[in-house]
Amino acid sequence: MLRYIIFRILQVIPVLLGTTFLIYFMVFAMPGDPIVAMFGDKTPNPIVLEKLRAQYNLDKPFFVQYLLYLKGIFVGDFGVSFSGQPVSDILARTFPVTGLLAVMAIAIEFFLAIVIGLFSGLRKGGVFDNVSLIVGLLLMSLPIFVVAFIGQYFLTIQWSIFRTTVGSNVSFYNMLLPAIVIGITLFATSMRLTRASVIDTMNQDFVRTAYAKGLPRRRVVPVHILRNSLIPTVTNSAANFGVLLVGATVTEAIFNVPGVGNTLYQAILRGENSTVVSFVTVMVLFYLGVNLIVDLLYAVLDPRIRYA
Amino acid sequence: MKHSRIGRGIVALAAAGTLVLAGCSAGGDGEEGGEATGGGIITVNGSEPQNPLIPTNTNEVGGGKILDSIFAGLVYYDAEGAAHNDVAESIEPNEDSSEFTITLRDDAVFTDGTSVKAENFVKAWNQGASNELQHLSNYFFEDIEGFEISDGPDGEAGTDDDIYGAVEDMSGLTVVDDYTFTVKLKQPASDFPIRLGYSAFYPLPDVAFEDIDAFGQNPIGNGPYMIAGEGAWQHDVEIELAKNEDYNGPREVMNDGLKIIFYASQDAAYADLQGGNLDVLDAIPDSQLANFESDLGDRAVNQPAAIFQSYTIPSRLAHFDGEEGELRRAALSMAIDRTEITDVIFDGTRTPASDFTSPVIDGWSDSLAGAEVLEFNPEEAQAKWAEADAISPWEGTFEIAYNADGGHQAWVDAVANSIKNTLGIDAVGHPYPTFAEARTEITNRTIQTAFRTGWQADYPGLFNFLGPLYATNAGSNDGDYSNPEFDALLSEGSQETDIEAANALFQEAQEILLKDLPATPLWYSNVTGGFGESVENVQFGWNSVPVYHEITKN
């Protein structure tokens, strides 16, 4: 087990080098000079341009820029944004916010998926199963911004149940609405996976054995059926977690959440290489970490899976 | 056994979750449960400053809004754009407006308690003009003696030692005594006193010169508001400003402070206005333009602003030079139905242009000779186009370039269609994915089409809409326009000491522009905004920013 974990952690190094290089290259290849854009519709003097470019290493060839960036990372310096803030400060400020949003959204998604999926599976073809199928499909096919706008309009502006936007008031309660929005647009897939898996498990020998042993339903369902049906749901939710870190941009903009999505979007617009690359690097690390945890969870959920 | 296994899994998950949550509460909790509204603090929208808060290094709206609140310059602008003395007691020009003697009030103070002296202005300007620092607004000091633009000691262009700015203190600035200094300009500029309300000309306290970068994160000003303590600027989130009780200038502050909330999307800001979390909004999102006036009723604002929009045809393009060019430019301009486009595309939030400036600027006119070229006139347009064809036949497509990330597509397409339908030629929009890309091509002069242009005034003066854009070799003359007659009228106007006489000359200069059409005026942008039920006396200034200090809250 330990060997497996160490191996997986070592794998991170080439992946990181590859991704930072790719991202840096893509930002570098983006047409247009970010320094020119700093001046709006006004045309800067060429001498000013040249000096500012030098300040941000933009006057150097691609490889030199990239190596300078890498060198910075090794000494813990992620560079500075155009506004003079260390990128590491921006990372430390925005990641916990998006992390909270993602964890809450995944928790909601996971809860809905398991509860609804389990009941649908246990009563396959029943009224509940059919209704949940339709509702799930409906929510899945709605674009997230539609759900967000509808939720925001009715729940905050009309009925004042939640705060309209989050802004500086990052708290569990204020983040609930954005998390619900993300959660309900995501849960359908996991729900269907749970359902299918539950149906599959119900027909397994060990379930029949459990009933034959005379175990009560309230014991068989959670321990024998649910637990053995969780693997696809866990995998899907974990994949969603990665998607969320990147894809929360729309939700973050609508609810003005001071998180990764909002900040990264602005940095891309401004062409701030160091900010963009650092953000993506940390996201990749996160994603790899979550996947490692998920792989380890498999062994917990299903003892037949072993890592050596 | 099995239980404990599941148990461990759950504990591990819970622990991971708590870690993330704990990280959050350590970082984010600004002001738990504190109602955004209440206590005479006005909440307004804004955006994270793109640069540290240094007056000479800030050239965008987000940071400008904050600087204008926490600093007081020599003059300030009222809602109509008229300049009034603030820290200055008097600004006296010499006979040809090339030298100014500036006397300060002796009772103005910075919020660290030090007095605002002549030296604070001179040192701040010298720093802002410095060739070494290359602050974004250093071009504001271009006209002062001692500001150099040259290829540097080695005499070669494009090398490290090129000079744009002041190498040492500018020779044009002289401190006479504690509260008096003089400014000598390279050439006359009658509107120099009007410029002095722009943020680049703000004074800086002595402490700023010790470590300007640290100062930029925690600025100390002398304005009607001040940063509300350490940490009041939460990056990317908001900034809180408190009323500065020591401010004794002419602007009376009617509220207790400002909370400027940064929004990445205007839609969120609009939702907050409706939800009652925001008192004043100064930009309505495009998606709400059609309905904001009915949503907000008399709390909606829609009035002209100092923003001029146009498209520019560089004269180096084939068919757009000389007599043929003049005819084609006029024909294209007359082929555009500005009234219909502003109504349909912009829901009446633009005003068709009748000159090259803005209706909120003193000296604006809708009756310049030749202004009929800005009216929709299909017959005349076709006639002029045919005349031009007789000189040299037109071929190809007329394209207008724009950046696709700025919401320009709808109107560019409408303008292209209007031209296409009227003149029967191919006309299309040419999108560039990003603003940076479009501006780079324009700046490098590699763009091969017409392109959208716009100008938001730095200060409310007619000259600011003309000099930087159309004077020969001027900084933002993207179309490389040059007309000696126009240049002569501009410099004549700049030598006037009387603003009325100067404006008359600037209008005459515009009549030349109407004939040459280096840029084709389209419309003036309106400022659109709204405010909540709890605030009163909301007025929008000439620069589209609400006059914050006059807002009251009940």
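Analyst: The largest cavity has 16 lining residues, and those nearest its centre are Thr312(B), Thr453(B), Leu469(B), Tyr470(B) and Ser476(B). Two or more lining residues come from each of strand 15 (300-312), strand 19 (450-456) and helix 13 of chain B. This is a predicted model, in which local features need pLDDT of at least 70, side-chain atom pairs count only at pLDDT 80 or more, and totals for chains, interfaces and linings use all residues; side-chain values use heavy atoms, leaving out hydrogens and water. Residues are numbered from 1 along each chain as its sequence is written, while chains are lettered from A and ligands numbered from 1 in the order in which they are written.

User: How are cavities, pockets and elements defined here?
Analyst: On a 1 Å grid over the protein atoms alone, a cavity is a set of points where a 1.4 Å probe fits but cannot get out; a pocket is an open set with protein on both sides within 12 Å along at least five of seven lines; lining residues have an atom within 4 Å of a point. Points are joined across faces, edges and corners, and a volume is the space filled by probe spheres set on them. Helices (H or I, at least four residues) and strands (E, at least two) are DSSP runs numbered from the N terminus.

User: What is the volume of the largest cavity, and how many cavities of 30 Å³ or more are there?
Analyst: The volume of the largest cavity is about 150 Å³, and the structure holds four cavities of 30 Å³ or more. The lining of the largest cavity consists of seven nonpolar, seven polar and two charged residues. In this scheme Ala, Val, Leu, Ile, Met, Phe, Trp, Tyr, Cys and Pro count as nonpolar, Asp, Glu, Lys and Arg as charged, and the others, Gly among them, as polar.

User: Turning to open spaces, which residues are closest to the centre of the second largest pocket?
Analyst: The second largest pocket has a volume of about 1400 Å³. Its lining comprises 48 residues, the closest to the centre being Glu142(B), Pro468(B), Asn473(B), Ala474(B) and Gly475(B). Helix 3 (46-55) of chain A, helix 13 (462-470) of chain B and helix 14 (484-495) of chain B each give two or more residues to that lining. By class, the lining has 20 nonpolar, 17 polar and 11 charged residues.

User: Which domains of chain B supply that lining?
Analyst: Domain 1 (3-223) and domain 2 (306-526) of chain B each supply at least three residues; the bounds come from an automatic or database domain assignment. The centres of these domains, taken over C-alpha atoms, are 32 Å apart. Their contact (heavy atoms within 4.5 Å) takes 17 residues from domain 1 of chain B and 13 from domain 2 of chain B.

User: Why is helix 2 of chain B described as largely enclosed?
Analyst: Eight of the 10 residues of helix 2 (residues 61-70) of chain B are buried, so the helix is largely enclosed by the rest of the structure. Buried means under 20% relative accessible area, exposed over 50%, and partly exposed in between (1.4 Å probe, protein chains only). Among the buried residues of helix 2 of chain B are Gly62(B), Gly63(B), Gly64(B) and Ile70(B). Their cover includes strand 1 (41-46), strand 10 (225-227), strand 12 (238-243) and strand 13 (257-262) of chain B.

User: What about the backbone: what is phi of Asp347(B) and of Asp480(B)?
Analyst: Phi is near 50° for Asp347(B) and near 55° for Asp480(B). Most residues other than glycine have a negative phi, and most peptide bonds are trans. Asp347(B) sits in the loop between helix 9 (338-344) and strand 16 (350-352) of chain B, and is partly exposed at 33% relative accessible area. Asp480(B) belongs to the loop between helix 13 and helix 14 of chain B; at 43% relative accessibility, Asp480(B) is also partly exposed.

User: Now chain A: how many helices and strands are there?
Analyst: Chain A has 13 helices and zero strands. Its C-alpha trace spans about 85 × 55 × 30 Å along the principal axes. Of its 308 residues, 52% are buried.

User: Is Asp302(A) buried or exposed?
Analyst: Asp302(A) is buried, with a relative accessible area of 12%. Asp302(A) lies in the segment after helix 13 (273-301) of chain A. By contrast, Val146(A), in helix 7 (residues 144-158) of chain A, is partly exposed at 25% relative accessibility.
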